[in-house]
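The following report describes selected features of the structure shown below, with attention to its nonpolar packing and its helices.

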Amino acid sequence: MQEINHAEGTQGGRPTPSRPSGRPSGGPGLWLREPLVQFLALGSLLFGALAWGSGEGGGPQREVRVSFQEVQAQRAFFEAQWGRPPTDEEAQSLVDALVREKVLSREAVVLGMDVDDVVIRRRLALKVETLTESLAGLRQPSAEELRAFYEENRERFMVPGTLTFSQVFVNPDLRGESTWPDAIAVFESARTRNLEPQEAALMGDRTLLQSYFPVHSPAEVQRVFGSVFADSLFAVVEEGWNRPLASGLGLHVVFVHDRTAPAEPEWSRVEALVQEEWSSRERMNARETVYETLLENYDVVVEERPDAEGGANR
C-alpha cells in the first residue's frame with residue numbers, strides 16, 4: 001500500500017504543501033470539528049432512528065409492494081401524456097419512481113412527518129368524502145323517486161322564456177348629465193311616431209353591440225348586458241317600445257318584437273338532467289350524514305388563548 005506523507009513531500013509525483021505549524025496534527029477533537037464528519041454522524045443517527053422506527057428484520061412491514069394495477073395506471077398516464085407506450089427502460093423508471101415514493105412516504109410516517117400537516121390532513125379528509133360520495137353514487141333512483149324529486153324542484157327544470165328585441169344605445173360617456181333625458185326623448189319619439197328600430201337607432205349612439213337580438217333567454221341576455229339589465233328586461237317589458245333600461249354599458253331603449261313564456265319541458269328531454277341533479281343531492285346528503293355520524297364519536301375541544309385556562313368545548 002502506498003503511504004502518503006501529509007507533511008511535506010510528494011504525492012503521485014506532485015509536491016504537497018506542508019501543514020501550517022499552528023494547526024494540530026490529529027486527535028479526535030480535530031475529527032469532530034470537520035463538517036464532513038459531523039454530516040456523517042448526523043446521517044448515522046437519522047439512519048438509526050429510521051431503522052428503530054421501521055423495525056429490523058424481513059417482516060411484512062419491510063415489504064414494499066407495487067401492484068399490477070399501479071404499474072398499469074402509470075403506463076396509461078405515460079401513454080396519455082406522450083402519445084405512445086413507454087419503452088422497457090421507461091417502464092422500469094416508472095416502477096422505480098413508485099418504489100421511491102412508497103419508501104420515502106413510509107419513512108416520513110415513521111418520523112411523524114404526517115402529523116398536523118395541513119396539506120396531508122386536507123387530502124385525507126377529501127379522500128374520505130370522495131369515497132363516501134362514490135358509494136352514494138352507486139344507488140340508482142326508482143322512477144317514483146325521480147318523479148318526486150322533479151315535482152319538488154320543478155322551477156329548476158322549466159324551459160326559460162325568451163325575448164326577441166332590438167335596442168337603441170345611449171352612451172353616458174358622450175352625453176354626461178343629459179343621458180337620461182336624451183334616452184327618454186328617444187323613447188317618446190320612437191313610441192309616438194311608431195318608428196321601426198332601424199329608424200330609432202339613428203337617434204342613438206354608435207356601439208359595438210348588435211342592435212337586434214333574436215330569441216334570447218335570460219342567461220343569454222345576462223352574458224351580454226349583465227344580470228340587472230336581464231332581470232329588468234324580462235320583468236317589466238311589453239311588446240313594442242319600452243322605457244330605457246340600464247346596464248353596465250349605459251342606457252338602452254328597447255323594442256320587443258316577440259316573447260315566449262317559460263314552459264314545462266317534455267319528460268324525455270329533461271329526465272337525464274333530473275337524475276344528475278338527484279345524484280348530486282344524494283352525494284351531498286351522504287357526505288354530511290357520514291360526517292355527522294363520525295363527529296358523534298369525538299369530543300371536540302377548541303382551545304382558547306394560551307393564557308386562558310381550559311378550552312371551549314363543543
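## Nonpolar cores and helices

Apart from neighbours within four places in sequence, Leu-233 contacts Leu-163, Phe-165, Val-221, Leu-245 and Val-254. The model is a predicted one.

The largest nonpolar core has 13 residues, and those touching the most other members are Leu-163, Phe-165, Val-221, Phe-229, Leu-233 and Val-254. At least two residues of this core come from each of β3, α10, α11 and β6. Helix α11 provides the largest share, four residues. In soluble globular proteins, nonpolar side chains tend to be buried together.

Elsewhere, helix α5 (residues 118–136) packs against helix α12 (residues 267–295) at an angle of about 130 degrees, and their axes are 8 Å apart. Because of this angle, α5 is oblique to α12. The crossing of the two helices is right-handed. On the α5 side, Glu-129, Thr-132, Glu-133 and Ala-136 make the contact, while α12 contributes Glu-282, Arg-283, Ala-286, Arg-287 and Val-290.

Helix α4 covers residues 88–110, and its 23 residues should span 33 Å at 1.5 Å a residue; the end C-alpha atoms lie 33 Å apart, which agrees. Within α4, Ala-91, Leu-94, Leu-98 and Glu-107 are buried. Just after this helix, Gly-112 adopts a positive phi of about 80 degrees.

Notes
Residues numbered from 1 in each chain as written. Predicted model: local features only at pLDDT ≥ 70, side-chain atom pairs only at ≥ 80, totals over all residues. Heavy atoms only, no water. Expected span 1.5 Å × (residues − 1). Buried < 20%, exposed > 50% of the residue type's maximum accessible area, 1.4 Å probe, protein only. Core = buried A, V, L, I, M, F, W, Y, C linked by side-chain atoms within 4.5 Å. Contact = heavy atoms within 4.5 Å. Axes fitted to C-alpha atoms, helices over the stretch in contact; angles between N-to-C directions. Parallel < 35°, antiparallel > 145°, perpendicular 65-115°, else oblique. Left-handed = near helix turned anticlockwise from the far one by under 90°.
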